[in-house]
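Dear colleague,

Please find below the structure that I am handing over to you, followed by an account of what was found in it. I would be grateful if you would read the two side by side.

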Protein chains: 2
Amino acid sequence: MQEVDKSLPEFLRQKREFSSQYTRTCRLDIGQRQNILHVLGTTLKANLTRSAPPKTKYFSVKCTPNVEYIISPLPKATSYLSPVPLMDNSVLLISMKEASDHSQNYTNDKLSVWYYGTDKNVLDRAVLHLTAVEISLDVDADRDGVVEKSSPNKDTWKWGPNGHGAILLVNCDSESVHRKRPDSEREHVILASDVRDMSEMVLRTKGPPELPEGYKLVLHICQSDAEKCRVFICSGEHYPLVLSSAALSTEIPYLGNDEIKFYVEGTKFPDKDFDGLIKINLSLLEPICDGIPETPIFTDTVVFRVAPWIMTPNTLKPLEVFVCSTKDNYKFLEGMKSLVVRSGCKLNTLYEYFNRGDRWMQDELEFGYIDSPHHSFPVVLDSPRDGQLNDFPYHVLLGPDFGYVTRVPKRKDVSSLDSFGNLEVSPPVTVNGKHYPLGRIIIGVAFPTAANGRNMTKVVQDFLWAQAVQKPIALYSDWLEVGHVDEFMSFVPAKDRKGFRLLLASPDAAYKLFKNLQNDGHGYAKLFEDIPEEGTITVNEILTDRQLQNENNYVQSCIDWNRDVLKKELELDDEDIIDLPILFKLVVHDGQYRALAYYPDMVNMIVLGKNLGIPKPFGPKVNGECALEQRWSH
Amino acid sequence: MQEVDKSLPEFLRQKREFSSQYTRTCRLDIGQRQNILHVLGTTLKANLTRSAPPKTKYFSVKCTPNVEYIISPLPKATSYLSPVPLMDNSVLLISMKEASDHSQNYTNDKLSVWYYGTDKNVLDRAVLHLTAVEISLDVDADRDGVVEKSSPNKDTWKWGPNGHGAILLVNCDSESVHRKRPDSEREHVILASDVRDMSEMVLRTKGPPELPEGYKLVLHICQSDAEKCRVFICSGEHYPLVLSSAALSTEIPYLGNDEIKFYVEGTKFPDKDFDGLIKINLSLLEPICDGIPETPIFTDTVVFRVAPWIMTPNTLKPLEVFVCSTKDNYKFLEGMKSLVVRSGCKLNTLYEYFNRGDRWMQDELEFGYIDSPHHSFPVVLDSPRDGQLNDFPYHVLLGPDFGYVTRVPKRKDVSSLDSFGNLEVSPPVTVNGKHYPLGRIIIGVAFPTAANGRNMTKVVQDFLWAQAVQKPIALYSDWLEVGHVDEFMSFVPAKDRKGFRLLLASPDAAYKLFKNLQNDGHGYAKLFEDIPEEGTITVNEILTDRQLQNENNYVQSCIDWNRDVLKKELELDDEDIIDLPILFKLVVHDGQYRALAYYPDMVNMIVLGKNLGIPKPFGPKVNGECALEQRWSH
């Protein structure tokens with residue numbers, strides 16, 4: 001660092017600050033008028049020796065009041081205004097204070113460098129005619145819903161409440177209810193309301209009414225980012241497309257003291273090959289001469305992150321419940337309706353002409369949402385399971401402010417584990433000090449040591465992992481015939497501890513309950529008494545079935561393996577877990593033993609706030625009441 | 001946290017340590033002999049209420065000396081040995097001190113739980129017969145070339161000299177010199193020497209001579225990791241394959257007090273979809289009963305990172321220089337041979353029957369290497385440029401301890417920018433406090449605002465970025481007709497400052513030199529005087545060519561843009577850069593103006609330690625000497 005003479009003008013003492021700014025190398029031409037467009041906030045750096053005429057020994061610099069400069073290395077104070085000795089590394093740093101007067105097209109701002117010979121005789125001079133403009137491409141980097149000017153954080157991105165960086169929504173809803181399709185797949189903005197789904201980006205400029213001849217403002221984006229977003233310009237009531245994968249750069253008009261609004265939409269969700277970050281650049285191009293391409297002299301960059309798809313845990317209060325009406329489920333619907341009404345939700349029944357007998361709403365889709373400071377809406381994730389309900393998410397749910405996303409497996413490798421009964425999310429948790437305010441996604445897969453296990457298909461797993469904010473946990477569910485995690489686990493809200501309990505199916509708890517019944521003299525109590533067509537069985541018969549005990553020991557081992565994973569990955573204590581008495585039995589297909597619930601699987605319930613809709617287990621009746629239901633009421 | 005009574009036995013006071021270990025939920029069966037295989041270093045956790053017979057009010061625990069246990073919640077000290085009241089959350093944590101005696105197959109280690117009724121009358125008991133084994137899958141996690149036992153860092157990975165984590169080489173050399181192909185593409189280990197390229201992994205076990213019946217050790221890996229490595233087992237002089245993408249899990253014999261060696265090879269380099277990390281797991285599987293799959297009760301995991309491909313900067317002293325002999329380059333070869341001999345390197349000349357007239361060795365390949373604590377060898381990166389030299393890297397260079405890697409573009413979108421004259425690496429630098437001990441890779445691409453620019457093909461760019469350790473810098477080289485960064489920049493070693501200088505082509509420096517010549521009365525000096533067939537031109541003629549000046553102003557702008565990028569990305573000062581006086585001219589193809597050197601491009605040199613092989617510029621002769629060469633000699 002060089003010593004600074006305190007007697008120097010203020011701006012000469014600012015050298016360090018000066019040179020840490022965006023610096024551009026600039027040439028000095030001798031003998032011809034040189035017009036320079038300068039962007040405020042940047043520094044021009046001219047090598048004085050490069051342009052000096054032969055035999056130059058000294059130089060001096062003069063400028064008009066709006067121009068600032070620093071000579072490096074700093075000359076001695078005494079020689080500051082007299083000619084300065086030219087050295088091999090003499091450099092001039094030039095900056096300007098204000099945008100040029102916007103009422104006139106030409107500038108009066110000048111800087112000249114005079115070159116002198118051995119006797120301080122003038123050899124030649126270089127004159128820069130300077131025009132200053134202020135240019136800023138702006139986004140809502142502080143996430144308050146307002147596009148602030150020149151945020152220092154606009155070109156970086158950081159997660160969390162103390163983070164920063166603008167957010168983009170995938171425009172995956174459909175403004176139109178006729179001929180529906182996600183807006184991001186339409187060529188044009190069909191309704192002005194569509195821009196509400198987009199993020200505002202503003203180009204702010206200040207300076208003369210026009211840029212000097214040949215200068216251009218160009219908005220540009222790289223190919224891979226352009227495949228994940230589109231940019232529209234606001235032009236009265238129209239929104240022409242300016243950037244897309246078919247147009248990587250577009251010239252933007254310079255309007256002097258004004259601002260231009262853009263609207264940016266995401267077109268792809270984060271995925272395995274896309275971390276969600278997108279850069280959009282604005283460059284100022286300088287002409288050289290006819291027939292030669294312009295070069296950029298200034299680039300301003302903003303960063304967006306495409307908002308992830310977020311799942312909601314079943315412990316949150318639901319708004320609406322979707323069920324299917326089929327030929328045989330009238331009683332189920334009655335019960336459900338009464339529960340839903342009692343819970344203050346809306347019931348949405350899908351009739352048979354639409355569901356065509358497919359009742360597994362839970363398996364066909366998963367509800368989630370996307371969120372940003374400017375807007376938020378629900379988004380349905382359509383499962384690769386393509387049953388008779390297949391059209392429902394796209395043809396019924398997709399609409400204005402209701403988005404749609406799906407992932408299509410590359411090969412036909414869809415299994416039962418791709419139904420979304422096998423996709424859940426935990427309530428908020430803190431694990432090893434890391435907070436998951438939106439919980440963690442839970443899926444079921446084959447056991448790691450299994451060579452031929454069934455798995456959730458790769459494209460859906462990749463999608464879920466790429467959303468990042470609800471970091472998934474892979475459980476082992478392939479031991480189940482149907483293979484869905486919701487067959488052995490669920491969450492219910494609670495007022496104490498972590499705000500919820502994890503419910504786990506437990507054959508051990510079932511055996512314990514049955515042994516207590518036997519011990520209390522109820523060994524002859526029968527299961528399935530109210531549905532005799534299924535065949536009844538007594539508590540004693542169950543307790544003496546050695547094979548059934550072995551099968552349930554196995555099931556308990558599988559569930560305990562998952563229990564240990566869940567305790568670790570959600571940081572749960574035993575007190576956060578409730579064991580539900582559920583028995584399983586094994587069935588064999590192609591030599592593979594897999595488990596089914598022995599009686600209706602109570603853990604596979606619907607949670608509507610405080611009210612739980614639990615499958616009726618048809619357990620052993622003691623004094624006219626089902627012992628399993630009684631157990632539950634505690 | 002619970003208060004601990006100091007009068008309790010030592011191990012009861014260790015509860016916190018105890019439970020922070022790998023914990024497995026374990027069932028307690030009443031009334032039947034229960035054999036448990038316990039892995040040392042882990043904890044068994046048994047829920048006492050789950051297994052308690054009906055009406056249990058108290059319990060007590062007894063065990064043999066090699067077994068340790070803790071009751072949670074901790075009972076009062078006074079009641080420690082007398083029956084303890086059973087609570088809803090009563091849990092038993094069980095651990096063992098030493099591996100079971102290896103001289104006998106059956107264990108004498110036992111733990112029993114006695115259950116009592118209201119009057120402390122015995123209701124029943126559960127007895128665990130425990131066998132303890134020690135199991136550790138080990139790698140060289142501390143990078144000293146030795147596989148240490150049970151490294152605490154074996155399942156995580158951290159870069160740098162203070163980091164940890166095992167390293168894997170891509171086995172991309174060919175042990176055989178006949179029918180060459182990279183060893184990782186062969187089905188078998190053909191020569192024992194091949195295991196030198198692989199990383200050792202050791203399974204260490206201690207315990208009884210055999211595992212209890214039905215228990216198994218299984219080595220396993222996930223599908224995506226298996227596509228990037230293979231594991232061989234050492235079996236005398238043979239090395240059978242145990243894990244690959246076709247075999248995700250393999251049973252490994254348990255040998256009691258012994259160790260089993262494995263050799264692991266990488267099969268893929270880090271790339272866009274592969275961060276280089278690979279996990280290999282060893283699980284101990286427990287049988288339930290016949291016809292039911294085993295469940296894992298212990299898993300040990302090790303992590304490897306596949307070593308990146310590393311380029312060497314031209315400022316390092318070279319070992320060998322490869323050149324092509326063609327019909328017309330006898331003089332060039334003579335000069336090169338003398339330079340190479342003077343520099344103490346080996347000259348390797350490729351004759352015309354092989355190069356078929358293609359002299360651009362530098363464009364066809366790039367030399368690099370891969371490194372690990374156990375081994376290191378050079379690896380050639382073959383360019384997608386497929387000229388007549390195409391076969392050279394594979395057919396000549398590939399061999400024992402000389403690896404080969406290439407990337408094949410998906411579409412035929414290879415341009416001149418894919419030649420490796422457009423791929424360089426800087427000497428070591430420190431940028432914003434971040435040290436790059438291996439320098440940073442430099443490539444040339446189209447300018448970001450250009451819609452139809454030429455680029456280095458995506459698969460090669462992805463490969464280079466994925467190697468991570470030499471984080472690439474993308475310069476703008478598409479303004480050049482040939483489009484290679486080595487046409488305007490090079491590095492030379494230096495004793496001072498950062499240990500090198502960046503050389504940049506500079507039209508401004510050329511004009512300055514020519515003006516000085518004119519000023520000194522040498523305006524009539526001619527360029528190309530020794531090659532009159534190219535047409536000569538005087539200094540005065542060059543200085544009065546307005547069009548040439550405009551073209552070179554443009555070229556200087558392009559180079560200055562790159563100069564600013566390099567200064568920022570390599571943290572260089574102006575004093576680290578030397579401007580070489582080189583003029584360019586523009587040529588037009590399909591309406592695109594691009595630049596060619598006006599006279600032989602001195603910056604495109606070969607650096608052999610202190611000796612530089614610089615293209616003869618045929619500049620203006622002053623007193624019989626080339627002014628450009630004279631300038632250089634300063």
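Which residues does Phe304(A) touch, not counting residues up to four places away in sequence? The model is a predicted one, and in it the contacts of Phe304(A) are Val139(A), Ala166(A), Ile167(A), Leu168(A), Ser199(A), Val264(A) and Ile278(A).

The nonpolar cores give this list its setting. Phe304(A) is, with Leu168(A), Val264(A) and Ile443(A), among the residues that have the most contacts inside the largest nonpolar core, a set of 149 residues. Strand β9 of chain A, residues 122-138, contributes seven residues, the largest share of this core. Another core lies apart from it and has 147 residues, including Leu92(B), Val218(B), Val482(B) and Val485(B).

I turn next to the contact between the chains. Chain A and chain B each bring 51 residues to it. On the side of chain A that touches chain B, at least two residues come from each of β1 (22-26), β12 (216-220), β17 (277-286), β18 (295-306), α9 (507-519) and α11 (546-569). Of these, α11(A) gives the most, with eleven residues. Sorted by class, this side of chain A holds 20 nonpolar, 16 polar and 15 charged residues.

The helix α11 of chain B, residues 546-569, deserves a separate remark. Its 24 residues reach 35 Å from the first C-alpha to the last, which is close to the 34 Å expected at 1.5 Å a residue. Just after α11(B) comes Glu571(B), with a positive phi of about 50°.

Strand β1 of chain A also belongs to an open sheet. Four strands of chain A form this sheet in the order β1-β3-β7-β5, with mixed pairing. Because β1 and β5 (67-72) stand at the edges and have a single partner strand each, one side of each is left without a neighbour in the sheet. From one strand to the next, the twist averages 25°. β1(A) and β3(A), the latter covering residues 42-47, run parallel and are joined by five bridges. Within that pairing, Tyr22(A) has Thr42(A) in β3(A) as its bridge partner.

Some points of backbone geometry remain. In chain A, the peptide bond from Ser72(A) to Pro73(A) is cis, with omega near -10°. Pro73(A) is placed in the loop between β5 and β6 (84-85) of chain A. In chain B, Ser72(B) and Pro73(B) are likewise joined by a cis peptide bond, with omega about -10°, and Pro73(B) sits in the loop between β5 (67-72) and β6 (84-85) of chain B.

Two arginines call for comment as well. Arg497(A), although not a glycine, has a positive phi of about 50°; its place is the loop between β30 (489-493) and β31 (500-506) of chain A. Is Arg497(A) buried or exposed? Arg497(A) counts as exposed, because it has 11 C-beta neighbours inside 10 Å and the limit for that class is 12 or fewer. Arg356(B), also a residue other than glycine, has a positive phi near 50° and is found in the loop between α5 (352-355) and α6 (361-364) of chain B. Arg356(B) has 13 C-beta neighbours inside 10 Å and therefore counts as partly exposed.

With kind regards

Technical notes:
Residues are numbered from 1 along each chain as its sequence is written. Chains are lettered from A and ligands numbered from 1 in the order in which they are written. This is a predicted model: local features need pLDDT of at least 70, side-chain atom pairs count only at pLDDT 80 or more; totals for chains, interfaces and linings use all residues. Two residues are in contact if their C-beta atoms, placed from the backbone, lie within 7 Å. Ala, Val, Leu, Ile, Met, Phe, Trp, Tyr, Cys and Pro count as nonpolar, Asp, Glu, Lys and Arg as charged, and the others, Gly among them, as polar. Two strands pair if DSSP finds at least two bridges between them. Axes are lines fitted to C-alpha atoms, for helices over the stretch in contact, and angles run from 0 to 180 degrees between N-to-C directions. A nonpolar core is a set of buried Ala, Val, Leu, Ile, Met, Phe, Trp, Tyr and Cys residues joined through C-beta atoms within 7 Å. A residue is buried if 20 or more other C-beta atoms lie within 10 Å of its own, exposed if 12 or fewer, and partly exposed in between; C-beta atoms are placed from the backbone. The expected span of a helix is 1.5 Å times one less than its number of residues.
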